[in-house]
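Here is a briefing on one protein model. Please look over the sequence and the structure first; the notes follow.

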Amino acid sequence: MGTEHALPLTPRSWLKTLAKGERHYLFGSALCGVLAGSQTIVMVVGLAWLIDQVAVHDRSPTTLFPVFALLVGSVLLRAAFQWGHEILGLEASLRIRQHARSQLLSKLSALGPVWLTGQHSGSLANQAVEHIDALEGYFSRFYTQLRIALCLPLLILVVAGWLDYLVALFLLLSAPLIPIFMALVGMGAERLNRDQFVAVSRLSAHFIDRVRGMTTLQLFGRTSAAQQDVWYATDDYRRLSMRTLRLAFLSSAVLEFFASVAIAVVAMYVGFGLLGYIEYGPSSSLTLFSGLAVLLLAPEFFQPLRTLSQHYHDRAAALGAAESVVNVLNEPALVSRHAAVAPLLSTSVIELAATCVSYPVRGQVIGPIDLTIKKGEVVAISGASGSGKSTLLALLAGFLAPSSGIYRRQENYQYAWLDQQPCLLHGSLIDNLRLAAPQASHEQMEAALYRAGFGPFLKQLPDGLDTLIGERGVGLSGGQAQRLALARVYLSNAPLVLLDEPTASLDQDTEQFVMSALLKLAQEGRTLVIATHHPAVIAAAQRHFSFERDELVEVLA
């Protein structure tokens, strides 16, 4: 199932689509639940018959051994069906959550880094983990229990009607009151759960922002104020969670009240009927067997609804989580998925013809652009800040789709990306290097690090490649982080290297080393496209393009 739809997704339609993908497991789980309930009916009716035979007809328990064996078999079958109900429901939920998470991550990939830069990473991580996991109870419990609650009470109603149609009629009249009040309470629970998931996403983003800015907060003496802000945010989330739980408990209390009243009325009817105070309809023919059977069946009639009420909070939680995920899935994708399949000249890497890029709010930002990049070229792109250099690089990388014009790229053409703030993750040097080459050996990693000029620093590290660094390269200097990122470029063996201001934050010596290493890549036949304003970098390029008055103009030497 794709993430692009003609009509925007809604939380309910998305959950329905997910359920269709695992309908066999969900149907099997619901069927096992109904079969387990049917064994309960057999046990209840059989128990009532045994008591009637022993107490009224004075039969010896030894003569009733086959019925006892039947009841024992029903107990074992009920346990087996209940196990199947649980296992199939959990398996369906696991598969659905795996697919939903894959769908969300695929959408984030389609939206591309340009869209991701405007989002809170903490909020997105919370959606990919917590919000997807919040679907577990909905599919493993509520979804299947809803089907059981529709089928099993009807089966019990048929048996009760066979024994005493007045009891069946009363159960039929009292049953609709429970779903009505559950729905009324559930509307408020759904709204609160939606607010709760929004609150926890904001809290995640709020906390991560404070952690990332801890150094700045310490420098300005604002750590106590930041700590107080986090405390207030968590306290608001606690209050919202308690309101949600109170409403969930209210839903269960409503069901228990109406179920208890209905069971009490059935008990009064059976009692007065057996005593002879009621002579209307089938009451005059009530026996210990029929009276006890319908009395034992009455709680079982409401039990599926009781269980559904217990899991009703799972539905509200799933709808609240689904809304935040659906908001991402409905975002228009900016990444061009079909740019790599268009034919172009064999000597070219990328061709642009009258190509423009537009953003939903800002409108057209660059274009029309005519540009052909050939294999092995070193191309420099300059211009004032905000002129469109980074946008053009994102277009060349396929992070953005052109709003108009032609964009052609070699099919399955790999590229490496290096900018002034390389993406370094919390983990070892090995973890960061394997982002570019998952199968690289330790010897290949060390060779790439030495080639990038990271070798002298590597010798000083007692843990070598296992040395841990923080997120965004904490523990490394700017030059060391850039050289580590450059080593990833060497490991990738990508024929196209895109660089966005790679030397902007480096000192002169490190800048010269990085440029010398990059030019060696060009000598190996790789294609380099560099967005920069440094004269030394521009002088090293074979071709130079500049943004002038929103137009890309080639500057001839």
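Three strands make up an open, antiparallel sheet in the order β2-β1-β4. Its edge strands are β2 (363–374) and β4 (404–409), each pairing on one side only. From one strand to the next, the twist averages 20 degrees. The model is predicted: local features need pLDDT of at least 70, side-chain atom pairs count only at pLDDT 80 or more, and totals for chains, interfaces and linings use all residues. Residues are numbered from 1 along each chain as its sequence is written, and side-chain values use heavy atoms, with hydrogens and water left out.

**Terms**

- Helices (H or I, at least four residues) and strands (E, at least two) are DSSP runs, numbered from the N terminus.
- Two strands pair if DSSP finds at least two bridges between them.
- Axes are lines fitted to C-alpha atoms, for helices over the stretch in contact; angles run from 0 to 180 degrees between N-to-C directions.

- Strand β1 (residues 348–359) runs antiparallel to β4, and five bridges join them.
- Leucine 352 stands opposite tyrosine 407 in β4.
- Helix α12 packs on this sheet and touches β1, β2 and β4. Its direction makes about 125 degrees with that of β1.
- Threonine 355 lies in strand β1. This threonine 355 is buried (under 20% relative accessible area; exposed is over 50%, partly exposed in between; 1.4 Å probe, protein chains only), at a relative accessible area of 1%.
- Contact means heavy atoms within 4.5 Å. Leaving out residues up to four places away in sequence, threonine 355 touches residues including Ile366, Pro368, Leu395, Pro402 and Tyr407.

**The six-stranded sheet**

- A second open sheet has six strands in the order β5-β8-β9-β3-β10-β11, with mixed pairing.
- β5 (415–419) and β11 (551–555) are the edge strands, and each pairs on one side only.
- Neighbouring strands of this sheet are turned by 20 degrees against each other on average, direction ignored.
- Strands β8 (residues 496–500) and β9 (residues 527–531) pair in the parallel sense over five bridges. Valine 497 stands opposite leucine 528 in β9.
- β3 and β9 also run parallel, joined by four bridges. Here alanine 380 stands opposite isoleucine 530 in β9.
- β9 is mostly covered, with five of its five residues buried. Thr527, Val529 and Ala531 point one way from the strand, and Leu528 and Ile530 the other way.

- Helix α12 (residues 389–397) lies across β3 (378–382), β5, β8, β9, β10 (543–548) and β11. α12 runs at about 160 degrees to β8.
- Helix α17 (residues 508–523) lies across β3, β8 and β9, at about 145 degrees to β9.

**A buried arginine**

- Arginine 488 lies in helix α16 (residues 478–492).
- Arginine 488 is buried, with a relative accessible area of 13%.
- Not counting residues up to four places away in sequence, arginine 488 touches Cys423, Leu424, Asn432, Leu433, Leu435 and Ala436.

**Helix pair α5 and α11**

- Helix α5 (residues 136–163) and helix α11 (residues 312–329) pack at an angle of about 145 degrees, with axes 8 Å apart.
- α5 passes α11 in a left-handed crossing. Left-handed means that the near helix is turned anticlockwise from the far one by less than a right angle; clockwise would be right-handed.
- Gly137, Tyr138, Arg141 and Phe142 in α5 meet Tyr312, Asp314, Arg315 and Ala318 in α11.
- By class, this contact of α5 with α11 has four nonpolar, one polar and three charged residues. Ala, Val, Leu, Ile, Met, Phe, Trp, Tyr, Cys and Pro count as nonpolar, Asp, Glu, Lys and Arg as charged, and the others, Gly among them, as polar.

**Transmembrane annotation**

- An unreviewed UniProt entry lists residues 25–51, 63–81, 146–163, 169–189 and 247–272 as "transmembrane region". UniProt positions are given in the numbering used here, feature names are shortened, and annotations may be inferred rather than shown by experiment.
- Residues 25–51 are 100% helix and 0% strand in the model, with end C-alpha atoms 39 Å apart.
- Residues 146–163 are likewise 100% helix and 0% strand. The end C-alpha atoms of residues 146–163 lie 26 Å apart.
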